[in-house]
Amino acid sequence: MFLNPLLKTAIPVTAPCIAPDCFSGKSVKEIKALTVYYGNKEKHLQDLFDIKDDGQDVITLGSVPTVKYIGKGMTAGSIVVKGDAGMHLGAEMKGGRITVEGSVSDWAGAEMKGGEIFIAGNAGHCLGGAYRGSKSGMNKGLIVVKGNAGTEVGGLMKKGIIVVEGTLGDAAGCNMKGGTLICYGRPGDRLGAFMQRGSIVLYESPYLLPTFTYNAVYNPTWLRVFLRELAKTPYKIPITQGHIEGAYRRYNGDISELGKGEILVFQG
Amino acid sequence: MRINDVEIVDTFAEAFKMYASRVLVTAINEEWAMNSASTVAGFGTSVIMCGCEAGIEGATMETPDGRPGVNILLFANSTKDLGDQLMRRIGQCVMTSPTSACFNNLLGEKEFVVGGQLRYFGDGFQISKRLNPTPEYPKGRRFWRIPVMGGEFLCEETFQAAKAVGGGNFLIIGRGIEPVLEASGKAVQAIREVPCVIAPFPGGVVRSGSKVGSRYKFLAASTNTAYCPMVKSQVESDLTEEENCVLEIVIDAVDIESMNKAMHEGIHAACTTEGVTRISAGNYGGNLGKYIINLKEVI
């Protein structure tokens, strides 16, 4: 199914119906009649998109930087965005795969529970994060960002893996409760603030909070397993043999909290 | 039927349903992986007294962490026994071994927690890591990182067990110990080339085959007198006058196809030694085992 946006607009479009689960079993006519919100106005999907059945199982969209909640809660199938995507992409998704060829706005993969999100460009704030008041953010699944990511990446993350090849904004991994955050670029300030558990793996030297304490230099076996698994994904993550076999400096923290989180800094 | 003038006795081996697990031990190099693996497989010749039958399947570089690894196959009569043995052996022989890590390497219908119990050794500093789901592991593989003096011990939370075949065997009968031992060595070497099988006894060979029952009430099994040359004239012996030595090769396999292949390769290899007179097999009249392995069919 191919959805080409009919108009360029700064007004946000709320379209959680753009998901394989929602399209499944529906005719093109029924899909065209699905409800979306254009600002605060109720519309049909066909009012905003030119919808064509291209015979593919994949939902393909043109660039939709203001369309929110694409793939929300999806459990299977694939979505490809041929450009940018709006806020809450793949929020609460449980399975399937979303590929964005451009950049995404805030809250991508928020509270996701499975599946994979690949972002070729940059990601906004709160990637894989938890909505305000929630106990945990991302809980299983994989997010790969080729570019940079905003602030509070992986906030309250519980399980799953986030890979950011560019830089991280401030407070990445804040309140982390588990899971793994890997960053190839420079991280921002207050990295891992209040983290209780979980792992942050860095390939650039960070500025660490004083509530992280140095432990040892070693080659973590678990990271070898994880990096080798990530290298098998189709996302061309820049994992080298040196990253797999090299030594990492281990810091634990945040000791103002439980202190069982860790930051591993690649030493070579 | 004869192979190289060695008679293949028209009989069958009787094998039993067992459960198997494959444990993959990795380490900084193959030497240390083998140190750990050989300890895991130690004292694992027979379920009768050892709790399980265990053997090294072979070294491999196809490991989750990319380090050299060694596969160990363990067999037991029940998944409970197998789980118990895995806990003991991984806890005492892998966790203690420098640089080692331990992974499940066999998908089966039963699952038991191993790393999830060993984690308590971490005294609260253990850390769980979970990979994303795959078709083989729909829940995602979960590992426990246990801090140890040498660094960190990584162990998979659960190991799996699959239905398997144990107790396949054949007897190599010959004129003396030298040719029979040489033939046994060749047979075991050939069997070790077959994947998914082990020969759990020392060097893969058993010299003290047993029969069911004994003249002593407290003993359920005793020496196989029919094949003991030193009492040939005192019992109803199955040996001829010229036959002075019998050694047994016992095989456990993950499936019956692997068992048959191992029997085939082993028997053919054993028949290349001069001085070997016959190949036979141990059975209980076909009444106890689930699998009947007819020697003439497997060769």
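**Entry 1: where the chains meet**

I began with the contact between the two chains. In this predicted model, 14 residues of chain B are in contact with 15 residues of chain A. Which strands of chain B each supply at least two residues of the side that touches chain A? I found β8 (127-130), β9 (142-148) and β10 (151-156) of chain B. The largest share comes from β10(B), with 3 residues. I then sorted the chain B side by class. Its residues divide into 5 nonpolar, 4 polar and 5 charged.

**Entry 2: chain B as a whole**

Next I looked up the make-up of chain B. I noted 7 helices and 18 strands in chain B. I also checked its extent. The C-alpha trace of chain B spans about 65 × 40 × 35 Å along its principal axes. How does the radius of gyration of chain B fit a compact globule? A compact globule with 299 residues would have a radius of gyration near 19 Å. Chain B has 21 Å, which agrees.

**Entry 3: two helices in chain B**

I turned to a helix pair. Two packed helices are described by the angle between their axes and the distance between the axes. I looked up both for helix α5 (residues 177-192) and helix α6 (residues 256-270) of chain B. They pack at an angle of about 150 degrees, with their axes 7 Å apart. Is α5(B) roughly parallel or roughly antiparallel to α6(B)? Angles over 145 degrees count as roughly antiparallel, so α5(B) is roughly antiparallel to α6(B). I recorded the crossing as right-handed.

Then I listed the residues that meet. From α5(B) I wrote down A183(B), S184(B), K186(B), A187(B), Q189(B), A190(B) and I191(B). In α6(B) they meet A262(B), E265(B), G266(B), A269(B) and A270(B). By class, the contact of α5(B) with α6(B) has 7 nonpolar, 3 polar and 2 charged residues.

**Entry 4: a sheet in chain A**

Last, I traced a sheet in chain A. It is an open sheet of 4 strands, in the order β4-β3-β2-β7 (chain A). The pairing is mixed. Which strands are at the edges? I found β4 (41-44) and β7 (67-68) of chain A there, and each pairs on one side only.

Strand β2 (residues 13-14) of chain A is joined to strand β3 (residues 35-38) of chain A by 2 bridges. The two strands run antiparallel. Which residue of β3(A) is the bridge partner of T14(A)? I looked it up, and the partner is Y37(A).

Methods
Residues numbered from 1 in each chain as written. Chains lettered and ligands numbered in written order. Predicted model: local features only at pLDDT ≥ 70, side-chain atom pairs only at ≥ 80, totals over all residues. Pairing = 2+ DSSP bridges. Axes fitted to C-alpha atoms, helices over the stretch in contact; angles between N-to-C directions. Parallel < 35°, antiparallel > 145°, perpendicular 65-115°, else oblique. Left-handed = near helix turned anticlockwise from the far one by under 90°. Contact = placed C-beta atoms within 7 Å. Nonpolar A, V, L, I, M, F, W, Y, C, P; charged D, E, K, R; others polar. Rg over C-alpha atoms; globule rule 2.2 N^0.38 Å.
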